[in-house]
2 protein chains.
Amino acid sequence: MNEIDHATEAAWTALMTKSRVLLEAVETSLKSAGYPPIAWYDALLELEKAGPDGLRPFELKDRILLPQYGTSRLLNRMVKAGLVNRQDCLEDGRGQNISISEKGKSVRRAMWPIYERVLSERIGAKLKPKDAAQLASLLSKL
Amino acid sequence: MNEIDHATEAAWTALMTKSRVLLEAVETSLKSAGYPPIAWYDALLELEKAGPDGLRPFELKDRILLPQYGTSRLLNRMVKAGLVNRQDCLEDGRGQNISISEKGKSVRRAMWPIYERVLSERIGAKLKPKDAAQLASLLSKL
DNA sequence: TATATATAGATGCAACTGCATCGACATATG
DNA sequence: CATATGTCGATGCAGTTGCATCTATATATA
């Protein structure tokens with residue numbers, strides 16, 4: 001069993017094309033509004049959801065689907081930008097704890113309307129909620 | 001009209017997550033089999049479909065969704081690897097024609113089984129053809 | 001306890017990307 | 001024709017990524 005059917009190929013092509021176009025639309029909007037890329041948003045959101053104790057970098061990396069070194073460097077930039085705090089981890093001498101700063105929260109909050117507008121225009125306006133749910137459900141099987 | 005509904009958000013999240021995971025799976029398979037990235041495959045396929053006359057770089061860029069400078073550099077690498085031929089364009093002194101070489105054809109052909117296996121395992125095995133078609137159809141509305 | 005193995009995170013290096021801009025040719029306009 | 005504007009493709013530069021590897025600490029094993 002290895003030949004793929006036409007529908008599988010069509011799904012793959014559409015998946016690649018649309019995800020790229022949508023992602024680029026979001027990135028462009030954020031950038032032109034003077035905000036950081038969406039990867040920063042994702043990280044900030046995870047850190048905010050994690051609460052005041054924050055997360056260890058290795059926990060964050062699993063949630064934002066970034067490689068270890070990518071996460072390490074993303075955090076460097078975010079620390080430098082003052083959006084997150086890094087402190088040595090008490091329980092594990094190798095590790096650290098990352099928590100979102102007030103500035104980080106406010107940047108995330110400010111990014112959301114930009115982000116949301118693109119999703120609304122590009123997805124909300126094109127798919128009825130039922131169809132969007134159906135799309136999410138099909139994707140979740142992959 | 002700007003608040004997004006839950007289904008839209010779920011669709012977006014699933015779209016981003018799955019497309020990244022699948023893409024990475026394909027890239028990893030290709031790389032570990034010693035082949036170039038998927039962007040090369042896409043370009044080779046478009047050039048092969050275009051026939052012996054090939055394509056102008058600006059035409060190719062529209063089909064593979066790469067920025068102009070990205071296409072320019074991708075073509076440099078592919079020329080250097082001997083997968084495509086570049087020749088000055090007769091009708092337009094600014095331009096060039098890119099055509100796939102025999103080696104390019106054979107590399108593309110060799111990449112396909114690797115590529116296909118991932119799609120088959122990750123999509124074909126998870127979605128019935130009807131569902132895959134449905135997924136493609138929903139995505140096509142975006 | 002001493003040693004081996006595993007895990008957390010950082011980093012040097014080469015490759016790749018985005019941005020802005022350039023040079024060359026093409027097309028439109030006076 | 002002369003000049004302005006537009007399009008094609010390349011490229012310098014700075015920032016980012018992937019890979020491999022390193023250091024430091026933690027955990028398992030003898």
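The residues of the surface near DNA strand C comprise nine charged, five polar and five nonpolar ones. Here Asp, Glu, Lys and Arg count as charged, Ala, Val, Leu, Ile, Met, Phe, Trp, Tyr, Cys and Pro as nonpolar, and the others, Gly among them, as polar. A residue is near a strand if one of its heavy atoms lies within 4 Å of it. The model is predicted: local features need pLDDT of at least 70, side-chain atom pairs count only at pLDDT 80 or more, and totals for chains, interfaces and linings use all residues. Side-chain values use heavy atoms, with hydrogens and water left out.

DNA strand C is surrounded by 19 residues. The closest are Phe58(A), Ser72(A), Arg94(A), Tyr69(B) and Arg73(B). Of the atoms of DNA strand C that come within 4 Å of the protein, 60% belong to sugar and phosphate.

At least two residues of this surface come from each of α3 (57-64) and α4 (68-80) of chain A and α4 (68-80) of chain B. α4(A) gives the most, with four residues. Helices are DSSP runs (H or I, at least four residues), numbered from the N terminus.

Polar contacts are pairs of N or O atoms within 3.5 Å. A polar backbone atom of Phe58(A) lies 2.8 Å from a phosphate oxygen of DNA strand C. Arg86(A) places a polar side-chain atom 3.2 Å from a phosphate oxygen.

Chain B superposes on chain A by a rotation of 180 degrees with 0.0 Å of shift along its axis (RMSD 0.0 Å). The two copies are thus related as by a two-fold rotation axis. Superposition is by least squares on the C-alpha atoms of residues with pLDDT of at least 70 in both copies.

Key
Residues numbered from 1 in each chain as written. Chains lettered and ligands numbered in written order. Polar contact = N/O pair within 3.5 Å; in protein donor to acceptor, adjacent residues only side chain to side chain.
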